[in-house]
Amino acid sequence: MKRRTFLQSAWLGYAGSMVSRLKAQGAKPFSRPKAPPIETHGLQDYKPSPLGMPGLFPGRVVEVVDPGAIANNHVSQPAVGRMLERGMVELTGRSNVEDAWRLFIQPTDVVGIKINPSGAPACYSSPEIVREIISAVERVGVPRHNIVIYDRYSYEVQLGSYSAFLPVGVRLVGIENSVLDLSGYDMDVYCQADFFGEWETRSYLAAVVSQQVTKIINVPTLKDHSASGVTGCLKNLAYGSFNNVARSHQEPITYTDPLIGVMCTVEPLRSKAVLHIMDGMREVWHGGPLTQVQSFIAQPGMLMLGTDPVAVDTTELDIIQKKRQAEGALSLWDRNPKNLTHDSNEFYHNSHLNLFYRQPGHIAAAGKLGLGISDFQKIDRQKIQL
Amino acid sequence: MNPQNSDAEQWATLLSDRERTGGLGVRHVSAPNQTRWRVRLAKSVRSAPVLGGDLLFVTCLDGFLHAIDTRTGRHAWKFDAGNQIHSTPSLAGNKVLFGCGGGSVYALERSSGREIWEFATKAEVWPSPVVQNGKVFFGSADGNFYAVDFESGKREWARSLDARIYSTAFATAGRLYFGCSDNHVYCLEESSGKVLWSTPTGNVIDSSPAVDGDTVVVGSEDFAVYALDAASGAVRWKFETGLGISSSPAISGGTVFIGSKDNFFYALDLRTGSLRWKTDLNTSVTASPVVAEGVVCIQAGGLVALDIATGKVAWRAALGGSLQSVPVLTGRYIYLSGIQGTVYALE
């Protein structure tokens with residue numbers, strides 16, 4: 001079954017309705033201080049690629065759903081393989097899957113696969129999906145030693161046992177091995193801003209991104225986020241490739257909007273991120289990014305593909321917002337100070353609480369920076385049910 | 001304080017024995033009440049320390065094997081392997097052995113840190129080398145399981161499995177048991193590397209098996225604990241937990257102790273696989289337990305001692321958050337390392 005539709009969603013109205021509700025309750029809506037200016041230093045003389053964000057298919061999002069792809073929390077790799085093939089063909093309009101992959105990857109590329117292990121072990125980029133991506137990249141002709149799985153935190157990568165899930169020869173890079181470990185970062189590529197008077201005002205880009213890989217396939221998870229609202233393609237790339245990002249939060253204020261989008265504009269990150277494959281096998285609808293509470297993790301069995309991270313994340317935002325509404329949780333746009341807690345454990349177990357005034361507007365802000373399309377009416381959203 | 005097997009040349013598995021005591025044997029241990037010394041290493045520790053005489057051997061992601069004098073907490077020596085180390089050291093005769101991220105396995109002189117030999121594989125070696133009958137056995141992420149000569153470091157044989165190996169072997173008379181990333185548990189003939197049997201599970205295995213009598217016990221990332229017939233590989237029982245298992249079981253007194261990423265620590269009947277008790281530790285449990293008299297200790301968040309009969313928390317020390325570290329229990333002292341890179345001697 002397939003249906004193509006341009007959605008007439010009402011999610012943009014959530015923020016407005018929330019303000020009205022707060023006024024009715026007599027609570028003063030939160031007004032965040034203006035974000036400080038952010039200075040960016042990209043790689044000098046880097047020539048931007050036309051494959052870079054928003055990529056070859058701005059505004060296009062392909063959702064492939066197979067409820068049989070996950071059962072009792074076990075992901076079926078054969079099912080994932082079928083979903084990925086179908087999704088790639090639909091995204092690109094090519095008649096066969098190899099041609100679809102060749103639009104993005106050449107045999108001479110060094111391919112980085114950016115995983116999201118931050119919810120491990122309960123919810124992280126499924127190894128079954130990553131293995132299917134590796135197989136597809138190999139079929140294009142990329143040798144295994146030129147395939148690099150990476151994330152910032154080696155601890156989280158190891159907690160997910162990621163190394164054991166990979167084929168022999170594929171490289172795995174956990175950039176930081178301890179606090180203040182800067183050895184894996186490129187000191188010439190950074191974003192600089194002073195958010196809260198922090199002592200280190202720079203965030204550096206991972207050297208594996210700036211110096212080693214030539215293309216990045218981004219594999220975020222379908223997940224809410226206590227600060228940024230949701231964590232999708234944009235946040236997985238930005239906060240998973242630059243260091244020293246936690247400084248952009250100080251409860252209950254977060255500057256994930258606009259920092260996430262700004263980071264994604266920095267070259268060569270922008271140009272190298274050519275494809276986004278969101279893992280929606282599991283859906284964390286509250287407690288992200290770190291929750292391990294299974295009652296907040298649904299299992300929709302979905303993949304979402306696109307080259308436009310803003311369009312994919314806008315769709316993710318819609319999905320998670322609707323799920324939270326259905327479950328009676330707070331809106332992602334909630335601004336009621338009475339719903340704030342400083343107790344993260346309390347937050348992890350109560351979907352009526354927030355740690356931060358979340359900033360889902362970071363997605364639209366990234367759209368304004370030219371990274372993609374956030375206007376829901378302009379997003380070409382294809383749903384495929386297998 | 002001397003390890004029981006300091007003069008032997010046998011180190012059968014991860015931490016020497018099925019109780020994971022590092023060759024010290026099951027000791028009485030009580031709650032620590034003070035820190036005797038602490039050493040801050042440059043990076044995270046993702047392995048278990050082992051004790052030999054007065055030296056505590058700790059591998060670290062800073063690329064060094066650290067030999068720390070337990071009397072002073074100061075370095076006796078350290079050896080630069082040049083690559084991250086996840087491998088728990090093993091002790092046999094006058095040697096300390098470990099693998100490293102660059103693919104090499106090293107044998108060093110225990111007293112001085114002098115390199116005796118180096119054996120190179122083509123990818124990282126995270127398992128702990130196992131020593132039996134004059135050979136050293138270990139798997140590599142290059143897809144091979146190796147046997148090398150204990151004295152010379154020369155290759156005896158290699159068995160290609162074409163899948164990464166992160167599981168430390170358990171050696172019994174003539175046989176080697178370990179898990180593999182191709183989802184199988186393997187039994188190899190010690191003398192030749194011939195595959196005697198292999199048994200599939202539902203996902204990759206990075207847990208290290210323990211063998212008691214004729215039963216092999218191991219966890220799998222398919223969420224289950226397996227007990228296999230050591231002779232045939234036939235599955236005797238399978239116990240489902242809520243998430244993947246990279247913890248390695250300890251076995252003592254007919255009970256299997258193992259952690260799961262579902263936050264629970266389990267005690268299972270070795271014969272039947274039935275649940276004796278389980279305890280929620282409120283964090284993923286990926287390290288291996290170590291058995292002591294009356295308690296079983298596990299590093300999960302911090303160091304936790306559970307009553308061996310009931311699973312109730314006997315005491316806790318809020319130190320030693322860990323992925324794979326296991327405390328050294330000497331009776332009087334507890335040596336502890338963890339992800340923050342600090343090594344503690346607790347008294």
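**Close-up 1. Where chain A meets chain B.** In this predicted model, 14 residues of chain A are in contact with 26 residues of chain B. Two helices of chain A, α5 (154-159) and α6 (162-165), each supply at least two residues of the side that touches chain B. And what is that side of chain A made of, nonpolar, polar or charged residues? It splits into 8 nonpolar and 6 polar residues, with no charged ones.

**Close-up 2. Helices α8 and α9 of chain A.** Here helix α8 (residues 233-241) of chain A packs against helix α9 (residues 256-264) of chain A, with the axes 8 Å apart and an angle of about 75° between them. Angles of 65 to 115 degrees count as roughly perpendicular, so that is how α8(A) and α9(A) sit to each other. On the α8(A) side, look for A:L234, A:K235, A:L237, A:A238 and A:Y239; they meet A:I260, A:G261, A:M263 and A:C264 in α9(A). Sorted by type, the residues of this contact are 7 nonpolar, 1 polar and 1 charged.

**Close-up 3. Inside the largest nonpolar core.** This core has 227 residues, and the ones touching the most other members are A:I133, A:L205, A:C264 and B:C297. A:C264 also turns up in the previous view, on the α9(A) side of the helix contact. Which strand gives the most to the core? That's strand β16 (residues 273-284) of chain A, with 7 residues.

**Close-up 4. The surroundings of B:C297.** Now for one of those core residues from chain B. Setting aside neighbours within four places in sequence, B:C297 is in contact with B:P289, B:V290 and B:A292, with B:L303, B:V304 and B:A305, and with B:P327 and B:L329.

How values were computed. Residues are numbered from 1 along each chain as its sequence is written. Chains are lettered from A and ligands numbered from 1 in the order in which they are written. This is a predicted model: local features need pLDDT of at least 70, side-chain atom pairs count only at pLDDT 80 or more; totals for chains, interfaces and linings use all residues. Axes are lines fitted to C-alpha atoms, for helices over the stretch in contact, and angles run from 0 to 180 degrees between N-to-C directions. Helices (H or I, at least four residues) and strands (E, at least two) are DSSP runs, numbered from the N terminus. Angles under 35 degrees count as roughly parallel, over 145 as roughly antiparallel, 65 to 115 as roughly perpendicular and the rest as oblique. Two residues are in contact if their C-beta atoms, placed from the backbone, lie within 7 Å. Ala, Val, Leu, Ile, Met, Phe, Trp, Tyr, Cys and Pro count as nonpolar, Asp, Glu, Lys and Arg as charged, and the others, Gly among them, as polar. A nonpolar core is a set of buried Ala, Val, Leu, Ile, Met, Phe, Trp, Tyr and Cys residues joined through C-beta atoms within 7 Å. A residue is buried if 20 or more other C-beta atoms lie within 10 Å of its own, exposed if 12 or fewer, and partly exposed in between; C-beta atoms are placed from the backbone.
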